[in-house]
Amino acid sequence: MTQQNPEEPKVQPLTDEQISQITSVRIHPGIGVTRVGDSEDEYYIGPEVLDPPLAPFGSTRDASGAIKRQAARYRLYGYDCHGNVVAEVTPSKNTEVEWTVHMANRKAQWFEFAAAMALQATKNISVTLRNPKVKGSDRDALAIDPGAKSIKGTNIQSEDKKLIGKFEDTDVLIGELRTDVAGRLLVLPGHGVSASPKDTPIFIKAKPGSFNNAAGWYDDIADGPVSAKVTINGKDFDADRAWVISSPPNFGQDLTSWRTLDDLLRSTYIQAGMMSLPEKVSFQNHVRPILERMTGLQWVNKGISAMFGGDAPLNFQDADLMEKLAMKPLSDGSDTYGELRRTVYNSFRTTN
């Protein structure tokens with residue numbers, strides 16, 4: 001099978017010194033994103049850094065043109081009592097690893113989608129259940145839940161590691177577990193299937209919202225927890241859990257939204273008091289990436305192209321403009337480009 005990322009060499013077994021330092025084990029990433037695809041078996045591993053290299057042209061499709069699935073790869077790291085990384089933990093002569101994943105799709109069993117329920121304006125909206133004609137315990141059959149499945153070892157791929165649940169009486173593949181040559185976990189999603197076993201209409205003209213909430217239909221998007229039991233020299237560790245989600249294909253492989261999931265989570269953690277604000281704001285690390293993403297989106301949004309595109313007044317991929325924005329005030333207090341920075345700053349919404 002073809003993968004976008006080359007296989008990495010096996011890591012070395014933990015040394016006695018490393019083993020003596022490890023007090024906890026964690027799974028990385030904390031949230032792994034998979035993407036469905038209709039390629040029969042080919043896949044690639046999704047980005048594992050914030051700024052990945054450009055994807056080679058055609059690398060996300062197989063020879064027939066079908067879309068490869070995007071897999072999420074999970075690793076284990078041992079930490080010392082101070083929260084410092086000691087080493088990556090993989091199966092070896094002194095270490096055993098058993099991964100467990102429990103993905104499910106409960107959409108058909110849940111409430112209809114009417115609006116973003118996190119908004120103040122929608123807090124009093126009443127929402128009905130999907131598939132309202134299915135009552136009582138019969139609604140259990142609407143949840144596609146294959147249960148938890150475990151995998152251990154290196155280079156494992158087998159039919160019994162596929163996550164197959166049922167939508168009523170229909171088998172639905174929502175994921176698959178594999179391991180790579182080093183025993184890291186690979187989670188593959190479904191193939192992007194959406195169907196109605198009873199050929200129920202997907203849209204009812206008298207109900208405009210019925211397409212988003214089609215009764216009698218299922219899809220294979222799913223999510224769920226990822227856990228690992230690790231035994232190092234006879235000592236057991238339950239790794240801090242992670243999560244996996246599946247999503248539609250990414251047809252703009254090298255485009256990044258102006259705000260990433262990493263940005264959103266950091267902001268959420270700071271607001272909740274779980275993280276501290278940076279002691280000092282860095283233009284290069286905190287500001288520049290957001291601005292450059294805006295210009296990167298010129299290819300998919302006409303309004304953004306007009307304001308931030310290649311010929312626009314605020315092309316944040318223009319070296320001269322970025323140099324001006326990064327320039328600090330002089331020691332005498334003069335600030336040649338202060339007004340330019342204020343103009344850019346005032347273009348953003350207020351945060352309160």
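Select Ser282 first. In this predicted model, Ser282 caps the N-terminal end of helix H3. Show its side chain: an oxygen there lies 3.4 Å from the backbone nitrogen of Gln284.

Now extend the selection to residues 283–296, which make up H3. The helix has 14 residues and spans 18 Å from first C-alpha to last, close to the expected 20 Å. Where is the kink in H3 centred? Go to Pro289: the kink there is about 30 degrees.

Colour the buried residues of H3 next: Phe283, Leu291, Arg293, Met294, Thr295 and Gly296. Which helices do they pack against? Display H2 (261–271), H4 (302–308), H5 (319–326) and H6 (338–346).

Select strand E13 (residues 223–232) and strand E14 (residues 235–238). They pair in the antiparallel sense, over four bridges. Thr231 has Asp236 of E14 as its bridge partner. Two residues sit between the strands, and Asn233 takes a positive phi near 50 degrees.

Next, the largest nonpolar core, with 37 residues. Pick Ile27, Tyr74, Leu76, Trp99, Leu185 and Val226, which touch the most other members. E13 supplies the largest share of this core, four residues.

Finish on Leu185. What does it contact, leaving aside neighbours within four places in sequence? Select Ala72, Arg73, Tyr74, Trp99, Val101, Ile151, Leu177, Arg178 and Val226.

Notes
Residues are numbered from 1 along each chain as its sequence is written. This is a predicted model: local features need pLDDT of at least 70, side-chain atom pairs count only at pLDDT 80 or more; totals for chains, interfaces and linings use all residues. Side-chain values use heavy atoms; hydrogens and water are left out. The expected span of a helix is 1.5 Å times one less than its number of residues. The bend at a residue is the angle between axes fitted to the seven residues ending there and the seven starting there. Buried means under 20% relative accessible area, exposed over 50%, partly exposed in between (1.4 Å probe, protein chains only). Contact means heavy atoms within 4.5 Å. A polar contact is a pair of N or O atoms within 3.5 Å; within protein, one must be able to donate a hydrogen and the other to accept it, and residues adjacent in sequence count only if both atoms are side-chain atoms. Two strands pair if DSSP finds at least two bridges between them. A nonpolar core is a set of buried Ala, Val, Leu, Ile, Met, Phe, Trp, Tyr and Cys residues joined through side-chain atoms within 4.5 Å.
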